[in-house]
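Me: I would like to check the labels on this model one at a time. For each one, set the value against its cut-off and then conclude.

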Amino acid sequence: MKAIILAAGVGKRLWPVTQHKPKCLIEIGGQTLLSRYLESLASVKIRQATIVVGYKQEMIRAAVGSHCHGVDLSYLVNEEFHRGSISSLWIARTALSDDVVIMDADVLFHREILRRLVASPYENCLLMDDTVKQTGEECMVVVQGDRVVALSKKMPERYDIAGEGVGFLRVRRADTAHVVGSLKGYIDQDRWDMEYEDGLLQYFQDVKVGHEKIGGLPWTEIDFPEDVTKAEREVLPRL
């Protein structure tokens with residue numbers, strides 16, 4: 001199993017910080033988010049990662065190089081990093097050559113969260129914080145019956161359970177073609193400004209994707225300045 005870390009974006013909503021460095025290089029407790037990711041990957045025996053870079057990519061390369069915390073690193077460059085995140089996952093299609101964990105690069109999380117995903121009996125799987133109800137910004141894992149039917153800020157009319165997605169997706173190697181095919185439908189329509197989550201709708205229809213609940217474990221996505229404060233005051237002491 002390998003990891004793909006999506007770290008190309010500008011992080012405009014966190015501009016006071018990201019005008020100086022990429023979001024994945026924000027330090028929480030004296031350690032960057034990216035360094036924490038690589039330590040966590042090594043802890044679950046994932047030794048290879050591809051980082052999709054774009055905005056201020058030279059800073060990311062300088063920070064972690066080609067090997068860090070026991071993880072061998074390679075890079076893919078998203079020249080369209082100012083567009084939607086679908087552009088980064090589309091670039092990453094060339095790295096979908098194994099069982100893979102696809103990870104947004106802006107989450108501070110407890111290692112048990114990643115361990116739960118890697119250890120899941122579902123080879124295609126999302127993480128769901130079932131303690132979170134949508135208030136507007138949350139990207140929700142939506143489940144109907146025994147499978148995920150959507151990963152989106154736009155909730156369908158009918159579903160059984162839903163919770164906030166952590167930003168990590170596990171895909172079985174045999175099903176990576178379904179991810180690529182799902183994205184391609186939107187790329188062919190020139191819809192580069194989409195978020196990749198919305199581009200996975202066909203994938204969820206074609207492949208049974210399970211979910212693991214992680215409610216109660218500490219984590220936060222970092223999109224806004226107040227998220228940095230939450231990470232430092234509420235999440236970090238619980239890691």
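**Labels and their cut-offs**

Me: Why is K45 called exposed?
Reply: K45 has a relative accessibility of 62%. The scale runs: buried under 20% relative accessible area, exposed over 50%, partly exposed in between, with a 1.4 Å probe and protein chains only. The value is over 50%, so K45 counts as exposed. One caution: this is a predicted model, where local features need pLDDT of at least 70, side-chain atom pairs count only at pLDDT 80 or more, and totals for chains, interfaces and linings use all residues. Residues are numbered from 1 along each chain as its sequence is written, and side-chain values use heavy atoms, with hydrogens and water left out.

Me: What makes the backbone of K45 worth a note?
Reply: Its phi is positive, about 70°, although K45 is not a glycine. Most residues other than glycine have a negative phi. K45 sits in the loop between α2 (33-43) and β4 (48-53). Here helices (H or I, at least four residues) and strands (E, at least two) are DSSP runs, numbered from the N terminus.

Me: What is the phi of D190, and where does D190 lie?
Reply: D190 has a positive phi of about 65° and is not a glycine either. It belongs to the loop between α6 and α7 (201-206). Its relative accessible area is 53%, so D190 is exposed.

Me: Why is the F109 and F168 pair called edge-to-face?
Reply: Start with the rule. Rings of Phe, Tyr and Trp (its six-membered ring) pair if their centres lie within 6.5 Å; planes under 30 degrees apart are stacked, over 60 edge-to-face, the rest tilted. By this rule there are five aromatic pairs. F109 and F168 are 5.0 Å apart, centre to centre, with 80° between the planes. That passes both tests, so the pair is edge-to-face.

Me: How do you class the Y203 and F204 pair?
Reply: The ring centres are 5.4 Å apart and the planes meet at 50°, so the pair is tilted. Y203 is buried at 0% relative accessible area, and F204 is buried at 2%.

Me: How do you know that the charge of R61 sits over the ring of Y75?
Reply: The test asks for NZ of Lys or CZ of Arg within 6 Å of the ring centre and within 35 degrees of the ring normal. The charged end of R61 is 4.7 Å from the centre of the Y75 ring, over which it sits. R93 likewise lies over the face of W90, at 4.1 Å from the ring centre.

Me: Why do the buried residues of α8 line one face?
Reply: In helix α8 (residues 225-235), D227, V228, A231 and V235 are buried. Down the axis they fall within an arc of 110°, so they line one face of the helix. The arc is taken from the directions from the helix axis to the C-beta atoms. An α-helix has 3.6 residues a turn, so residues three or four places apart point the same way. The face turned away carries exposed E226, R233 and E234. Among the elements covering the buried residues are β2 (27-28), β8 and β14 (219-221).

Me: Which residues touch W219?
Reply: Contact means heavy atoms within 4.5 Å. Not counting residues up to four places away in sequence, W219 touches V107, L108, F109, I113, D129, E164, G165, V166, I214 and V235. W219 is found in strand β14. At 8% relative accessibility, W219 is buried.

Me: Where is D175, and what does it touch?
Reply: D175 lies in the loop between β12 and α6 (176-187). It counts as buried at 7% relative accessibility. Its contacts, leaving out residues up to four places away in sequence, are N124, Y203 and V207.
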